[in-house]
Structure formats: structure tokens, C-alpha cells
Amino acid sequence: MKRYLIIPVVGLTLLAAGCSLKPQYTRPEAPVSRDWPEAQAAVQAEPERPQPMDLEWREFITDQALQVVIQTALENNRDLKLAMLNVQRMQALYGVQRAELFPSVGASGSSSHTKTPADLSYSGQVTESDSYRVDLGVTAWEADFFGRIRSLKDAALESYLATEEAQRSAQIALISAVANAYLKLAADQEHLKLSESTLQSQKEAYNLIKSRFDLGLASELDLLRAQTQVETARGDIARYTQLVSQDKNALILLSGTTVPLPERVFPQKLENVQPFKSVSAGIPSEILLTRPDILAAEHQLKAANANIGAARAAFFPRIALTGSVGTASAELSDLFGSGQGTWSFMPQISVPIFDPRVYSAYKVSQADMDIAVAQYEKAIQTAFRETADAIAVENTVGEQLSAGEALVEALDKSYTLAGVRYDKGIDSYLSVLDAQRSLYAAQQQLIDIRIAKLANQIRLYTVLGGGAQ
């Protein structure tokens, strides 16, 4: 029986004595500044704000209708489902690669019946023989003496972890996309209502000027100018009606559900959207290293590092073990009797002497490592740029909003005064037309500033890793 222990003892000894040729991993230095480029103090002035990565998306997005749409998307969006399925696939592939470390044990049974003619028999007579055999053994198990299989296992693990982070990154992107589509719908609804109210007021102005024209109190030029405003508003209504329909289609696609979203979840204007919770960006840029997309890039970097170890191990001998224990007998009834045991042990070693493919594969692994480093550094630089841009908007959009509101208020008074002066015959209708155009443009711009402020809150939350929980 002691002889039967030779295979596992030798295998475990070789495995325990094995080494790894994988290079020691060192995280590359982040190719960005520790601090944001400008106006950092303005963001740090409110330390009571929570950090985005500590804030679950339902705490950040307080609007209940928007929460319904986002939750529906998280449950049904096909892109997110693909990301989750990729995680499951890579997990299974990692299991396959990890299993290579262990021997595959199999059982086999066989029987043979032979008849030998007299002229081929040693006895000169026709002979018949039977044999029965049962074996339990290992076939061509590679003892990972130089760490090739372990390096491949580590690479598979890092690839699996990278897909997990990619799935978290996809979730962040989906939450951001749904929220932005929701805000765009609200803004376009508000633009549509502004166009409708502008059309109504322009129709009233046109009818008044038409009456004065019929009485000879207004010129045809004034009538045509009033008509241009009516037609402009009509064109804007048609355009924003189209955009509202497209925005709803975008939300439905992102939600991924076959059941139409209830009309109550669609916002009617930006004012109806509950404000988002304010978050802090007063943190060093190193926090970006915890973003899922950067973590995914780092896992891919570690996978490339592990592949170098596997490529290096290919230069060294491979040891494969094949062995079995079993029993054999000429009679089926004696198959498991005493003294019928059999065993075999067949170690095999292969030594690469000249194989240019091995060296080329090693060069490929080194190039893959350089590519992974560049991709990792690019991911950090992109994240830094996105966050710096969001901080720049955060520090200025409030002033833009205040100026836009003051501008609309001033132009509204100007439009009213221009109308009074025209009615009294002091100014021409051109002054009224200019004032109305300026007011309409300022009102549209104010809507755009409001959505820019809300959209940047979402952007700042997502670029700092919020929504991955």
C-alpha cells in the first residue's frame, strides 16, 4: 500500500517546492497632481457635505419618481445585465484555471476476451483468455514547479476582479445616464411650456397690431415683425415636442422594461425635480484610485504582470505525472481479491531547447504589460480631468444661475416698458421686438443653466465614485 502513496507524495513535494517567476507588482505612480488645479478652497469650505463614495444613490437622488426609473433600469437594463453576465463568465473561467493546480482523478474499468489460434499459441493448441481490470489514477498532471499555472490562475483572478469593477462602473454610468435623461426631459418640457406661453402672448400681440393695422394705426412692417415672432414660437413648439418624445423614448430604453413607464414618473419641469444632496469634492486626487474604472484598469495591469510570470516559466522544464492504482484478474470473481493490486507511475519531463514561439510569447507579455500601464495611467488622467471639470463648474454655476435670473428679471421689465412706449407712440415696434427676443433667449438660457447645475451635481457624484454601492 505504501507504494500507492508515491504519486501524491511526489506531486505535493514538487508543488510545495515550486517557485513563482511572476514579477513583484508595484503600483505605478499616479500621473496627476495631488490637488485639483484651481478653486479647491471653495469646495473645501463646506466640510459637512458627505463624500460621494460614502453616499448610496438613493440618499443622493431624493426625487421619488426618478428613483423609480433608476431602480427599474438597474433591474432591467440590458447593458448592465451584460456586465453582470461577464462577471459570472470570468468567475467560471477563473474556476477552470484554478482547477489546473489540482490533479484530475478518474476511474476506469475494462475487460478483454481473446482467442489465439493453435499456430500462434506457444502450446500449439487453441487458447482463450479473459482479463478484468479496474484503475483509479491521474493523467498528465503538471506539477507547477516554476509557477506557470499559478501565474495563469492569478491572471484569471485579476481578470475576474476587473470585470467586477467594470460591472460597478457600468452601474454608475447607468445611474448617471438615467438621471441626465430625466433632467433633459424635464428641461425640454419646460422649454416646450415656455414656447407655448410665448406663442400665446405673440398671438395676442399680433392680433392687436393687426387691429391697429386695419385702422391704419400700424405699419405693415410692424405686422410682419409680429408675425415672425409667432412663427418662431410655432417652430420651437414643434421642435421641443419632438425632443420631449425622444427624451421619453431614451428613458424607456434605459429602463429596459417591456412595460411602459407610467406617465406620472415623467417630469413636467425642472422645478418639480427634487434637489440632489450636495456632496463634497474637498478631497485629494488619490481618492480617484478607488473609482471602479481605475480599479478595473489596475486589475488588468496585475493580470498582465501575472502573464509575464507564465511566459517566463515557459522557458523552464515542465514535469507531468501520470499514475494509477487498481486491481486486475483473469476471473471477474477474483477481481477484488487479495494479491490482485496493480499500480503504475510515469513521470514525464519536457525541456524547451529551441522554440522561438516561447521567446516571442514572452515579448508579447512584456508589451501587454506596457500597454496595461499606459491604459492605467490614461484612466487616472481621464478621471482627474473629469473631476477637475466638474469642480470648475461647481464653483461657477451658482454665479451663472444668479446672473441668469437677474438678467431675465431685467429683460422682463424692459419688455414691459418697451410695450408701453410703443402703445404711446414713443418707440417703434422694433424696440418691442428686440426686447421680446432678448427676454425669450434669456429665459431659454436660464433653463439651460438650471439643468447644467443639476447635471453637474450628478457628474460630480459619479466621477468621485458615487453610485457604485
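## Strand pairing in the sheet

Strands β3 and β4 (residues 341-350) run antiparallel and are joined by ten bridges. The model is predicted: local features need pLDDT of at least 70, side-chain atom pairs count only at pLDDT 80 or more, and totals for chains, interfaces and linings use all residues. Residues are numbered from 1 along each chain as its sequence is written, and side-chain values use heavy atoms, with hydrogens and water left out. Strands (E, at least two residues) and helices (H or I, at least four) are DSSP runs numbered from the N terminus; two strands count as paired if DSSP finds at least two bridges between them.

Asp135 stands opposite Gly326 of β3, and Val134 has Thr327 of β3 as its bridge partner. The open sheet has four strands in the order β1-β2-β3-β4, with antiparallel pairing. Its edge strands, each pairing on one side only, are β1 (105-116) and β4. On average, neighbouring strands of the sheet are turned by 25 degrees against each other, direction ignored; axes here are lines fitted to C-alpha atoms, for helices over the stretch in contact, and angles run from 0 to 180 degrees between N-to-C directions. Strands of a sheet pair through backbone hydrogen bonds, either parallel or antiparallel.

## Salt bridges

The whole structure contains 21 salt bridges, a salt bridge being a side-chain nitrogen of Lys or Arg within 4 Å of a carboxyl oxygen of Asp or Glu. Side chains of opposite charge can pair when their charged atoms come close. One of the salt bridges joins Arg168 to Glu165, with the closest N and O atoms 2.5 Å apart. Both residues belong to helix α6 (residues 148-214), and because they are three residues apart, about one helical turn separates them. Arg168 is partly exposed at a relative accessible area of 27%, while Glu165 is buried at 12%. Buried means under 20% relative accessible area, exposed over 50%, and partly exposed in between (1.4 Å probe, protein chains only).

Arg450 and Glu190 form another salt bridge, at 3.6 Å from N to O. This pair links distant parts of the chain, with Arg450 in helix α11 (residues 429-463) and Glu190 in helix α6, 260 residues apart. Arg450 is partly exposed at 24% relative accessibility, whereas Glu190 is buried at 11%. In the salt bridge between Lys248 and Glu263, the closest N and O atoms are 2.9 Å apart. Lys248 lies in helix α7 (residues 220-255) and Glu263 in the loop between α7 and α8 (292-313), and the two are 15 residues apart. Glu263 is partly exposed, with a relative accessible area of 48%. A network of salt bridges links Lys22, Lys153 and Asp154.

## Cavities

Two cavities of 30 Å³ or more are present in the structure. A cavity is a set of points, on a 1 Å grid over the protein atoms alone, where a 1.4 Å probe fits but cannot get out, and its lining residues have an atom within 4 Å of a point. Grid points are joined across faces, edges and corners, and the volume is the space filled by probe spheres set on the points. The largest cavity holds about 60 Å³ of space. Its lining consists of Glu142, Ala143, Asp144, Phe145, Phe146, Gly147, Arg148, Ala313, Pro317, Arg318 and Ile319. The elements giving two or more residues to this lining are β2 and β3. By class, the lining has six nonpolar, one polar and four charged residues; Ala, Val, Leu, Ile, Met, Phe, Trp, Tyr, Cys and Pro count as nonpolar, Asp, Glu, Lys and Arg as charged, and the others, Gly among them, as polar.

The second largest cavity holds about 50 Å³ of space. Arg49, Phe60, Lys277, Ser278, Val279, Glu394, Gln457 and Leu460 line the second largest cavity, and these residues divide into three nonpolar, two polar and three charged.

## A separation across the model

Ala406 belongs to helix α10 (residues 397-423) and is partly exposed, with a relative accessible area of 43%. Between the C-alpha atoms of Ala406 and Lys153 the separation is 63 Å, and along the chain the two residues are 253 residues apart. Lys153 is also part of the salt-bridge network with Lys22 and Asp154.

Note on methods
On a 1 Å grid over the protein atoms alone, a cavity is a set of points where a 1.4 Å probe fits but cannot get out, and a pocket is an open set with protein on both sides within 12 Å along at least five of seven lines; lining residues have an atom within 4 Å of a point.
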